[in-house]
Amino acid sequence: MRRALLYLRTARHLRWRQWVYRPVRRVQRLLPAAPAAALRVDEVRAARMAEAVAAWGPGDAEGRIRRAEEVCAGRFTFLNHTEALPSPDWRRRHVGHLWSYNLHYFDYALDLAWAFRLRGDPRFARRFEELAEGWIAATADGAGDGWEPYPLSLRTVNWTQALLLFGDALGSAFRERLTGSLARQLATLERRLEWHILANHLQKNLCALATGGLLFEGAAAERWRRVGLRHLWREVEEQVLPDGGHFERSPMYHAIALGDLLELLLLLRACGEPAPPAAVERIGRMADAFDRLSRPDGSLHLLNDSAGGIAPARDRLDALARAALGHGVVETDGVWELPQTGFLGYTAASTGERLIVDCGAPGPPYQPGHAHCGLLGFELDLGGRSVFVDSGVSGYDGDPFREYVRSTRAHNTVAVAGREQSEVWGTFRLARRAVVLYAQADAGEEGCRIRAAYRPFHERRIVHHRTVERGAGDWTVTDRVEGAEDAPLQSYLHLHPEAAVVVEDGGITARLPGVTVHVEPFGTDRLDVVRGARDPVQGWYCPEFGCAVPAAAIEMHVERNNGGVFGYRIRTIRGG
């Protein structure tokens with residue numbers, strides 16, 4: 001049996017994992033939560049962990065205090081939606097599944113803990129006690145959203161760090177109940193690891209299990225630490241690609257995973273636990289890659305399922321990386337490639353230009369739930385600000401924009417005969433998918449040239465070739481579609497919502513604060529500008545969960561494809 005399980009773990013059999021592990025989830029649902037575990041906190045390690053967590057600092061101190069005050073007043077804001085919950089009903093699903101998940105995550109426990117350390121006000125400690133006591137009492141049967149593995153993982157880490165930061169400000173009786181609940185939750189998590197989902201979910205589970213194994217002493221804690229770390233280092237090898245990118249190809253999930261791993265490295269070091277050099281080196285590559293996936297101002301490039309306000313901030317990741325690895329997030333200048341992840345780009349700090357092109361496979365073969373139909377799409381910053389953007393993501397299950405943000409028309413790319421690049425369905429489903437044929441980035445005298453091509457899922461004779469080139473200060477995007485003779489083509493170009501668009505002879509002028517650009521199509525037959533349309537959905541920008549803002553989308557049409565080139569030139573008229 002052990003040999004068979006190890007066989008399934010090998011890279012050659014990744015695509016069979018979900019099929020094999022799906023019954024595991026069915027069995028997990030039949031298992032009750034673990035009984036209360038009598039474990040003691042390892043006081044020596046806890047003191048070292050507390051020192052390490054305190055050394056990370058609060059990050060955005062004002063934001064911490066503001067959010068803590070809101071929670072003390074009974075107001076909870078997640079996904080850009082606020083609910084007044086002086087005493088939350090922990091058994092009720094508020095607003096929606098994801099919003100309720102966020103309530104159970106207890107991220108705000110860290111806001112309360114840091115607000116207490118910054119202000120010394122005991123209200124913050126008492127509010128944490130009140131909320132945690134309420135959760136423990138209301139969910140004692142081990143059922144509901146809060147006991148699902150993902151919120152279990154986030155909450156146990158948040159409670160652990162809050163416990164360490166509050167220290168003696170928490171009452172001794174409450175500390176005993178809290179640590180007893182933590183032990184029970186971790187014992188339950190050990191039985192419910194998300195082998196059926198894998199990817200970032202399993203990584204979260206394993207980080208939480210290892211963290212709990214550091215906090216407690218005893219045989220169970222030692223097992224959590226040993227098992228959690230053994231599987232986690234294996235997942236790091238698989239999930240972090242050789243170029244440092246996370247294999248789900250989402251800048252947001254890359255940042256989340258990087259933050260988790262850096263924090264765990266620092267806790268392990270504080271407790272005298274070694275981490276494999278190969279894993280540390282791979283995490284270091286993640287920190288290097290993160291510069292390509294985010295801007296110096298901290299905002300993320302919104303490729304695939306990515307949104308702002310969810311992942312750790314860039315400056316926090318930079319500080320954690322410096323402490324854990326000895327180097328931070330190093331800024332890149334010039335042409336760059338993440339060849340395994342499939343992101344290519346160019347950065348020129350002197351002119352404020354940033355380009356990132358999506359040339360990667362749609363996620364790992366067995367977990368493409370966060371993939372979009374955005375192949376050969378890009379984001380382009382000019383004059384130090386976002387100009388041409390990806391549409392982002394505003395929500396998951398039940399979100400009215402979910403189909404749109406994953407569609408081809410929501411990205412700066414080309415649709416053939418109105419078809420999607422890959423066969424997207426459901427909230428996190430992807431069936432037949434596009435195949436990348438080549439991708440290459442080269443430096444030139446004036447900037448860069450990126451060439452790439454892919455085949456859509458619906459017709460293997462069709463190939464979309466694209467070249468994105470910077471020359472003499474202008475940008476040119478040239479497309480050619482072979483194997484789709486006489487088919488209509490649609491090329492999409494999405495502008496930041498602050499852009500004021502004017503249609504003029506020969507193209508479009510877009511004015512934004514600090515920069516004005518002119519877009520001149522060539523080889524196309526018709527041009528439309530759509531903003532905030534509902535049927536079909538088009539012209540929306542979703543920079544955060546729960547947020548959808550009308551934004552200009554340029555649609556350039558080729559009525560009948562003849563295999564010739566078409567595209568557009570982008571000229572900066574005025575920079576900031």
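I began with the second largest cavity: its lining has five nonpolar, three polar and one charged residues. Ala, Val, Leu, Ile, Met, Phe, Trp, Tyr, Cys and Pro count as nonpolar, Asp, Glu, Lys and Arg as charged, and the others, Gly among them, as polar. A cavity is a set of points on a 1 Å grid over the protein atoms alone where a 1.4 Å probe fits but cannot get out; lining residues have an atom within 4 Å of a point.

I noted that this is a predicted model, where local features need pLDDT of at least 70, side-chain atom pairs count only at pLDDT 80 or more, and totals for chains, interfaces and linings use all residues. Residues are numbered from 1 along each chain as its sequence is written, and side-chain values use heavy atoms, without hydrogens and water.

I listed the lining of the second largest cavity: Q203, L232, E235, V236, Q239, V240, H246, A257 and L261. Its space is about 50 Å³, a volume being the space filled by probe spheres set on points joined across faces, edges and corners.

Which helix gives the largest share of this lining? I found α11, with four residues. Helices are DSSP runs (H or I, at least four residues), numbered from the N terminus.

Next I followed α11 to α13 (residues 277–293): their axes come within 10 Å and cross at roughly 45°. Axes are lines fitted to C-alpha atoms over the stretch in contact, with angles from 0 to 180 degrees between N-to-C directions. W233, V236 and E237 in α11 meet A279, R282 and I283 in α13, contact meaning heavy atoms within 4.5 Å.

Methods: 1 Å grid on protein atoms, 1.4 Å probe; cavity = no way out; pocket = protein on both sides within 12 Å on 5 of 7 lines; lining within 4 Å. Helix = DSSP H or I, 4+ residues; strand = E, 2+ residues; numbered from the N terminus.
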